[in-house]
Amino acid sequence: MLTKTELLNKVRELADASKSDVVRACGYVSTTKDGRERLNFTAFYEAVLDAKGVEIGRSGGAKIGRKLSFLAKVQGNGNLLIGKAYTKKLGLNPGDEFEIKLGRKHIRLVPLGSEDDGGEE
């Protein structure tokens, strides 16, 4: 059974094939007691999600933690902290740079190098 990068590459390669053919080509096939072929779609889809870094559910009863509130508060030193959970959710990495655009009652962060409409809000 293919996993990770090999799996994603094979799925892209077989983009025009049927779902059954893709599952079969990626090796997610088993044989039943009576000798028939069984396609393991669930295992295939879970492997695709894993290869893409998507987590659904948590095993072992791990704590999920508190939910994101989407509120921020200016700290005593004047800093406005966004937080790790938000930067992770947005796929931001250390060193990413942004232009700060100020509106009347809002702040907009625009990634450097992105196309912006340039209009004031």
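## Aromatic rings and a pocket in a predicted model

In this predicted model, Tyr28 has a relative accessible area of 3% and is therefore buried, since buried means a value under 20%. Phe44 likewise counts as buried, its relative accessibility being 6%.

| Residue | Relative accessible area | Class |
|---|---|---|
| Tyr28 | 3% | buried |
| Phe44 | 6% | buried |

A pair of aromatic rings is described by the distance of the centres and the angle of the planes. The structure holds three aromatic pairs, and one of them joins Tyr28 to Phe44 in an edge-to-face arrangement, with 5.7 Å from centre to centre and 75° between the planes. This pair links distant parts of the chain, 16 residues apart, because Tyr28 lies in the loop between helix H2 (19-25) and strand S1 (29-31), whereas Phe44 belongs to helix H3 (residues 41-51). Through ring pairs, Tyr28 and Phe44 are also part of a cluster that includes Phe41 and Tyr45.

We turn next to empty space in the model. Rolling a probe the size of a water molecule over the atoms shows where such space is left. The largest pocket has a volume of about 600 Å³, and 20 residues line it, of which Ile82, Tyr86, Leu90, Leu92 and Leu109 are the closest to its centre. Helix H4 (84-89), strand S3 (98-102) and strand S4 (107-111) are the elements that each contribute two or more residues to this lining. When the lining residues of the largest pocket are sorted by class, 14 are nonpolar, three are polar and three are charged.

Note on methods. Residues numbered from 1 in each chain as written. Predicted model: local features only at pLDDT ≥ 70, side-chain atom pairs only at ≥ 80, totals over all residues. Heavy atoms only, no water. Phe/Tyr/Trp six-rings, centres within 6.5 Å; stacked < 30°, edge-to-face > 60°. Helix = DSSP H or I, 4+ residues; strand = E, 2+ residues; numbered from the N terminus. Buried < 20%, exposed > 50% of the residue type's maximum accessible area, 1.4 Å probe, protein only. 1 Å grid on protein atoms, 1.4 Å probe; cavity = no way out; pocket = protein on both sides within 12 Å on 5 of 7 lines; lining within 4 Å. Points joined across faces, edges and corners; volume = space filled by probe spheres on them. Nonpolar A, V, L, I, M, F, W, Y, C, P; charged D, E, K, R; others polar.
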